[in-house]
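Student: Please pick one part of this model and take me through it closely. Then show me how the rest is arranged around it.

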Amino acid sequence: MSAHRGTADYDFAASDRSGAAPYILATGPHVLPLGGFTGQVTFPSTARFRRLVGSGRLTYVVLSGTRRGTGGASTATGRITAWVESSCRHIPAAAYGVTTSTTDPGAARAPEQTLYRCRPGR
């Protein structure tokens with residue numbers, strides 16, 4: 001994802017800290033976690049998140065299937081998730097080489113993650 005970051009400050013935002021942690025450990029601090037373990041501890045606020053997108057400092061967001069909508073619109077993470085889902089473009093997994101099905105029903109699967117591209121002016 002770093003190759004597509006351009007001039008943005010972050011490679012992407014992740015819907016929770018546990019989802020962001022492996023990327024932070026592998027690539028450095030250019031991943032913005034949106035919430036804590038429970039989804040209640042958030043950074044940044046909804047308004048600041050929208051300013052990051054609006055200024056071009058953040059383009060990509062990865063929402064985890066297990067964390068999406070945590071707390072609904074009552075938490076900052078839930079409000080950010082709802083805004084991303086309604087304002088940003090969903091990038092199909094096939095566009096970046098991820099297959100979402102397996103023929104082995106016993107195979108372990110990673111939690112579903114969805115990639116979005118957000119553009120300034122939304």
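Tutor: Start at Phe49. Leaving aside residues up to four places away in sequence, Phe49 touches Ala13, Leu34, Pro44, Leu58, Val61, Ile80, Trp83 and Val84. Contact here means heavy atoms within 4.5 Å. This is a predicted model, in which local features need pLDDT of at least 70 and side-chain atom pairs count only at pLDDT 80 or more, while totals for chains, interfaces and linings use all residues. Residues are numbered from 1 along each chain as its sequence is written, and side-chain values use heavy atoms, without hydrogens or water.

Phe49 belongs to the largest nonpolar core, which has 16 residues. Such a core is a set of buried Ala, Val, Leu, Ile, Met, Phe, Trp, Tyr and Cys residues joined through side-chain atoms within 4.5 Å. Buried means under 20% relative accessible area with a 1.4 Å probe, counting protein chains only. Phe49 is listed with Ala13, Leu32, Leu58, Val61, Trp83 and Val84 as the residues with the most contacts inside the core. Helix 2 (46–54), strand 3 and helix 3 (76–87) each give two or more residues to this core. Helices (H or I, at least four residues) and strands (E, at least two) are DSSP runs, numbered from the N terminus. Apart from this core lies another, of eight residues, among them Ala14, Val31, Tyr60 and Leu115.

Five strands form an open sheet in the order 2-1-3-5-4, with mixed pairing. Pairing requires at least two DSSP bridges between two strands. Strand 2 (31–33) and strand 4 (89–91) are the edges; each has a single partner strand, so one side of each has no neighbour in the sheet.

Take the pairs in turn. Strand 1 (residues 12–14) runs parallel to strand 2, joined by three bridges. In this pair, Ala14 faces Pro33. Strand 3 (residues 60–64) is antiparallel to strand 5, with five bridges. There, Val61 stands opposite Tyr116. Strand 4 and strand 5 are also antiparallel, over three bridges. Ile91 is opposite Leu115.

Helix 1 (residues 17–27) lies across strand 1, strand 2 and strand 5 (113–117), at about 160° to strand 2. Axes are lines fitted to C-alpha atoms, for helices over the stretch in contact; angles run from 0 to 180 degrees between N-to-C directions.

Finally, the whole chain. Its three helices and five strands follow the pattern β-α-β-α-β-α-β-β along the sequence. Of its 122 residues, 39% are buried.

Definitions and conventions: Buried < 20%, exposed > 50% of the residue type's maximum accessible area, 1.4 Å probe, protein only.
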